[in-house]
Amino acid sequence: MTVSVIQIVLVFLVSCVSGMGSILDEFQTHRPLIACTLIGLVLGDITTGIIIGGTLEMIALGWMNVGAAIAPDAALASIISTILVVAGHQSIGAGIALAIPLAAAGQVLTIVVRTITVAFQHGADRASENGNLRVMDWLHMSALLLQAMRIAIPALIVVVTVGTTAVQSMLNSIPQVITGGLNVAGGMIVVVGYAMVINMMRAGYLMPFFFLGFVIAAFTNFNLVALGVIGLVAAIVYIQLSPKYNKPAFAGETSGAAATSDNDDELD
């Protein structure tokens with residue numbers, strides 16, 4: 001696939017936004033579902049972008065920064081995987097499998113950038129002591145720009161070289177055994193990622209609904225809208241029948257009935 005100059009510029013901008021979003025966490029632009037969709041839209045195949053983003057989102061649901069522990073970088077993995085699949089004509093399974101080492105590489109990059117930005121923070125401290133707000137603003141924006149470049153520069157290199165004959169020949173020269181193994185690994189990674197999320201939730205009382213939904217999805221031809229309606233109806237029925245959500249109402253009725261009985265006794 002030949003990538004135009006406009007597409008390269010748009011990929012660079014989307015990568016910058018995703019890199020900054022991974023630090024700001026405000027608009028969630030670094031999440032796979034958003035980043036992959038935007039890259040797919042830019043490269044002219046939004047359907048593939050959504051598929052990759054939805055699959056990687058299941059893997060990255062449990063990725064989060066806890067204290068000083070830095071999670072694998074979902075932004076770099078999402079953007080480069082989508083570029084390789086859409087522009088490099090790789091299979092979706094191979095792109096998903098490659099996302100894991102890419103996320104690990106992004107994790108190293110973000111640690112390096114965060115280490116560099118410590119100097120910016122000390123500079124901002126000195127500027128605040130002098131009341132120099134303009135220098136503080138520039139330092140904050142410069143540190144944020146480094147996080148944007150952390151994603152944008154690798155994405156720019158990949159999107160520029162992915163259409164060349166050398167890179168295309170290298171990708172096509174990968175043996176079928178390896179690409180097949182990547183496809184299998186990609187499917188397993190998704191399952192493991194979703195299992196980790198379920199294990200963190202530990203909602204045992206909801207597991208029957210999970211297995212019921214799996215059976216319905218596997219043995220019927222219902223689309224996502226029908227499955228969503230079934231899930232909504234099941235949730236409403238569960239809430240209506242579960243004593244956990246009806247105890248206050250029953251308690252109020254019981255107390256009201258007891259008060260009425262006491263009043264009747266007093267009248268007698």
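This is a predicted model: local features need pLDDT of at least 70, side-chain atom pairs count only at pLDDT 80 or more; totals for chains, interfaces and linings use all residues.
Residues are numbered from 1 along each chain as its sequence is written, and side-chain values use heavy atoms, with hydrogens and water left out. Local features need pLDDT of at least 70 and side-chain atom pairs count only at pLDDT 80 or more, while totals for chains, interfaces and linings use all residues.

Reader: How many salt bridges are there?
Author: A salt bridge here is a side-chain nitrogen of Lys or Arg within 4 Å of a carboxyl oxygen of Asp or Glu. By this rule the count is two.

Reader: Which residue forms a salt bridge with Arg31, and which parts does the pair tie together?
Author: The closest N and O atoms of Arg31 and Glu57 are 2.8 Å apart. Arg31 lies in the loop between helix H1 (5–24) and helix H2 (32–43). Helices are DSSP runs (H or I, at least four residues), numbered from the N terminus. The partner lies in helix H3 (residues 46–60), so the pair ties together parts that are 26 residues apart in sequence; that partner is Glu57.

Reader: Which residue forms a salt bridge with Asp73?
Author: Asp73 lies in the loop between H3 and H4, and its partner in helix H6 (residues 133–161), so the pair ties together parts that are 77 residues apart in sequence. Both residues are buried, meaning under 20% relative accessible area (1.4 Å probe, protein chains only). The closest N and O atoms are 2.8 Å apart, and the partner is Arg150.

Reader: Which residue caps the N-terminal end of H4?
Author: The cap is a side-chain oxygen 3.3 Å from the backbone nitrogen of Leu76. That oxygen belongs to Asp73.

Reader: How many residues of H4 are buried?
Author: H4 (residues 74–86) has 13 residues and reaches 18 Å from its first C-alpha to its last. H4 is largely enclosed by the rest of the structure, because its buried residues number 13 of the 13.

Reader: Are H5 and H6 roughly parallel or antiparallel?
Author: Helix H5 (residues 92–129) and H6 pack at an angle of about 170°, with their axes 8 Å apart. Angles over 145 degrees count as roughly antiparallel. H5 and H6 are therefore roughly antiparallel.

Reader: Which residues does Ile23 contact, leaving aside its neighbours within four places in sequence?
Author: Ile23 lies in helix H1. Its C-alpha is separated by 10.0 Å from that of Arg114, 91 residues apart along the chain. Contact means heavy atoms within 4.5 Å. By that rule, Ile23 is in contact with Arg114 and Gln147.

How values were computed. Helices (H or I, at least four residues) and strands (E, at least two) are DSSP runs, numbered from the N terminus. The expected span of a helix is 1.5 Å times one less than its number of residues. Buried means under 20% relative accessible area, exposed over 50%, partly exposed in between (1.4 Å probe, protein chains only). A polar contact is a pair of N or O atoms within 3.5 Å; within protein, one must be able to donate a hydrogen and the other to accept it, and residues adjacent in sequence count only if both atoms are side-chain atoms. Axes are lines fitted to C-alpha atoms, for helices over the stretch in contact, and angles run from 0 to 180 degrees between N-to-C directions. Angles under 35 degrees count as roughly parallel, over 145 as roughly antiparallel, 65 to 115 as roughly perpendicular and the rest as oblique.
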